[in-house]
Amino acid sequence: MRLLLIPALLLVALALAQAPATGPVQPIPYSHALHAGKLKLKCAMCHENKDPGELMGIPTAAKCMTCHQAVKTDAEPIQKLRTFFESKREIPWVRVYQIPSYVFFSHRAHTETGATCQECHGSVATTDVLKRETDISMGGCMTCHRQKKAPLNCTYCHEPRN
Ligand code: HEC
Ligand code: HEC
Ligand code: HEC
Ligand code: HEC
Ligand code: HEC
């Protein structure tokens, strides 16, 4: 029994380490399930894929205020949002998906191959607090590149192209 229990506990610990039960505590309790799900706002409304297309970006407080100048103005999180906006400070969102700067990655190059947001970010529109749902480690990139017959050579992801 004992001998089996230890590896079993190790596996549970590993699973917990890889998939945190909940995402990071954000400075404002923004919910994708409410905005992208219930209110059906388009991802591109807040995540514009500006040229040259690498980033999706995180919206500014001003973008939020286009609605929240009028919506729910007396709710505490919205007052906090207003404070950021009025003091011209950006909201210090805690990043969920991030890769090191020595890896080259372009959103546009991937969406042009037909990859969807969901394939790499999971079920955003039904999630309140985002957490990492997919594997964006080198192994995760490689798995899809292998499946789609995309290149696997080291320089492909580790050297800039132009
Ligand atoms: C297109 C309009 C729109 C935009 C843009 C928008 N929101 Fe909202 N937001 C709403 C609506 C509608 C509600 C729900 C109000 C209700 O419960 O009646 C809401 C609710 C919220 C709440 C919950 C407030 C509470 O305590 O009840 C928070 C927090 C919030 N929004 C933050 C944000 C942030 C941060 C942004 C920018 C990233 C943003 N919103 C952008 C329309 C918008
Ligand atoms: C009203 C604005 C708004 C809309 C609409 C919206 N988002 Fe977001 N998104 C945000 C904000 C604000 C954050 C930063 C806070 C957070 O992580 O929840 C964010 C964060 C993210 C992140 C994590 C980025 C990181 O690395 O930290 C992903 C992935 C994402 N959004 C995908 C989507 C997808 C997919 C959709 C459409 C289904 C969508 N978003 C719609 C405002 C929006
Ligand atoms: C092929 C996988 C893949 C697809 C498809 C994808 N993403 Fe991402 N996304 C990533 C990776 C990897 C990062 C981290 C990038 C970094 O740190 O430079 C990221 C980062 C982000 C961020 C954080 C801000 C930024 O620009 O780095 C947002 C927001 C985001 N993605 C939204 C989206 C949305 C919306 C879609 C669909 C239109 C989408 N992503 C499609 C892999 C993907
Ligand atoms: C959903 C599957 C999928 C995932 C996940 C994925 N890729 Fe890709 N990637 C592709 C496909 C398909 C291409 C296009 C290959 C071609 O043009 O022959 C591509 C192309 C690229 C390119 C070339 C882009 C350009 O500018 O031409 C780079 C660099 C790249 N991927 C890096 C990454 C990195 C880094 C990750 C992980 C963070 C990743 N990919 C995850 C499918 C994927
Ligand atoms: C499809 C894209 C892709 C290809 C191809 C690729 N890498 Fe990576 N590599 C990544 C990503 C993404 C990371 C960052 C992983 C993380 O976040 O820790 C990484 C990280 C690394 C690191 C940092 C150490 C580590 O493991 O975290 C080394 C070293 C490395 N890669 C070497 C290589 C070599 C050698 C090759 C060729 C055999 C290669 N890579 C091919 C995407 C790629």
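Reply: A residue counts as near a molecule, and so as part of the shell around it, if its C-beta atom, placed from the backbone, lies within 6 Å of that molecule. By this rule 13 residues surround ligand 5, and the closest are Val103, Met138, Cys141, Cys154 and Cys157. This is a predicted model, in which local features need pLDDT of at least 70 and side-chain atom pairs count only at pLDDT 80 or more, while totals for chains, interfaces and linings use all residues. Residues are numbered from 1 along each chain as its sequence is written, and chains are lettered from A and ligands numbered from 1 in the order in which they are written.

Helices here are DSSP runs (H or I, at least four residues), numbered from the N terminus. At least two residues of the shell around ligand 5 come from helix 8 (138–147), and at least two from helix 9 (154–158). Sorted by class (Ala, Val, Leu, Ile, Met, Phe, Trp, Tyr, Cys and Pro nonpolar; Asp, Glu, Lys and Arg charged; the others, Gly among them, polar), this shell holds ten nonpolar, three polar and no charged residues.

Ligand 1 can be set beside it, with 20 surrounding residues, of which Tyr30, Cys64, Cys67, Ala75 and Pro77 are the closest. Two or more residues each are given to that shell by helix 2 (32–38), helix 4 (61–68) and helix 5 (76–86), and helix 4 provides the largest share, five residues. By class, the shell around ligand 1 has 15 nonpolar, three polar and two charged residues.
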